[in-house]
Amino acid sequence: MNDSLRETVSHGTKEFPFACYVMENLRPGFNVPLHWHDEIEVLYMKSGSLTLTINQTSYTGKPGDIFLVNPKEIHGMTTDDLCTRYHALLFPLRFASFQSKSSGSNAFYLPFSEGRLLLRNKISDEPLHKETAQTIHRILTLYRTKSVGFQLGIQIQCALLLYSLYTGSSYQRLAPTGSEVNTNREILAYLQANYANKVSLEEMAGAFHMSEKYFSRYFKKHFQMTFTGYLNSLRLENAAKLLTDSDLAITEIAMQSGFNNVSYFIRTFREAFGCSPLHYRKG
C-alpha cells in the first residue's frame, strides 16, 4: 500500500492542467466519497445545498459560498438537494506559480507545496469573498468562451486567486505533517483500489497494525462514518456509474462493485438513492 493510489482521474491535460466542472442535475443520494488529489480545488456554490467534509470538519454549502481544498486534503461531498449546482475548479500549484523561484513567490509557494501553509477551507471575510468570487467569474467566462489567449488568462487568474488569499491572510501555517495524516491517506487509497474485492474489517485492521475494535473507532473518528458505510459508498458509486454507462445485468453490476449478495445490494442501493437499481437506470 502507498499513497500513490490517490484519485486516478486526470484533471485537464499535461499541456494545460486545469479543469472546470459544472455539477448540476444531480441524482438523489449524490455522493462523492472521501478522496484526495494533488490539485488545489475551488468549489463555488450556485444553488441548493451541499454537505462538504474536509479532513474532519463538515461544512454546509449554500449559494455564494466558496470552499478551498488544499492539495492532499481528504474530502468528500454529498447532498439530497436536487436543486444543488456548483462549480469545481482544479489545478496544480505549479500551474499558478509559472515555475517562479523568486524570493517573493517562494514565501508562499514553497511552504504551500511542502504542506507547511494551508489555505483556509472556507472564505468568510466579506471583501475577500467578493474579490475571490469576481476572480472565479473571470475564470469561468474565459473557460466558457475560449477566446484568444484564454489559457494564459486562466493561468493568470488562478495566480491572482492565490495571491488574494495569501495577502488576505486566508491561510494558516502548520508544523510538518504527522504520520496520522499519511495513515488516513493510505487507508482511503487501499479501499479505493480494492472495494470491488472482498475487504474485511479484520483484514484492514491487520494491515494497519490495529485491533479490529481500535481500527473501527479510528475510522469513525477520522472519517465521520463507519468502515462499512464508507466501503458501501465506494461500491454504490461504482454501481451507479455502471447502471448509467453500461448494459450489464443488475447481478453482474452488483458483483463487479463488490456486493456478493444481490438482495443486499438492491436494499442498500434503495436506501442510498431512494429507488431500485432498475429505476435508477431508467432515469
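Predicted model: local features only at pLDDT ≥ 70, side-chain atom pairs only at ≥ 80, totals over all residues.
**Exercise 1. Find which residue just after α3 takes a positive phi, then look at the helix itself.**

Step 1. Just after the helix, lysine 146 has a positive phi of about 50°.

Step 2. Now go to the N-terminal end of α3, which is capped by aspartate 125. One of the side-chain oxygens of aspartate 125 lies 2.9 Å from the backbone nitrogen of leucine 128.

Step 3. Check the span of the helix. With 20 residues, α3 reaches 29 Å from its first C-alpha to its last, close to the 28 Å expected at 1.5 Å a residue.

**Exercise 2. Work out which elements the buried residues of α3 pack against.**

Step 1. List the buried residues of α3: they are Leu128, His129, Thr132, Ala133, Thr135, Ile136, Ile139, Leu140 and Leu142.

Step 2. Look at the partners. The buried residues of α3 pack against the strands β1 (19-23), β3, β6 and β8, and against the helix α4.

**Exercise 3. Describe the largest nonpolar core and say which element gives the largest share of it.**

Step 1. Start with the centre of the contacts. This core has 33 residues, and those with the most contacts inside it are Phe18, Phe91, Ile154 and Leu162.

Step 2. Find the contributors. Elements supplying at least two residues each include β3 (40-47), β8 (85-91), α2 (103-113), α3 (126-145) and α4 (150-167).

Step 3. Zoom in on leucine 162. Leaving aside neighbours within four places in sequence, leucine 162 is in contact with Ile40, Phe91, Leu93, Ala96, Phe108, Tyr109 and Leu119.

**Exercise 4. Explain why cysteine 20 has no disulfide bond.**

Step 1. Search the whole structure: zero disulfides turn up.

Step 2. Check the distance. The closest cysteine sulfur to that of cysteine 20 is in cysteine 158, 10.0 Å away, so the two are too far apart for a bond.

Step 3. Is cysteine 20 buried or exposed? Its relative accessibility is 12%, so cysteine 20 counts as buried.

Step 4. Cysteine 275 is in no disulfide either, with the nearest cysteine sulfur, that of cysteine 83, 18 Å away.

**Exercise 5. Find where pLDDT stays under 50.**

Step 1. Take the overall picture: the protein averages a pLDDT of 89, and 92% of the residues score at least 70.

Step 2. Turn to residues 1-6, where pLDDT stays under 50. For these residues the model has 13 contacts beyond four places in sequence.

Technical notes: Residues numbered from 1 in each chain as written. Heavy atoms only, no water. Core = buried A, V, L, I, M, F, W, Y, C linked by side-chain atoms within 4.5 Å. Buried < 20%, exposed > 50% of the residue type's maximum accessible area, 1.4 Å probe, protein only. Helix = DSSP H or I, 4+ residues; strand = E, 2+ residues; numbered from the N terminus. Contact = heavy atoms within 4.5 Å. Expected span 1.5 Å × (residues − 1). Polar contact = N/O pair within 3.5 Å; in protein donor to acceptor, adjacent residues only side chain to side chain. pLDDT = per-residue confidence, 0-100. Disulfide = S-S within 2.5 Å.
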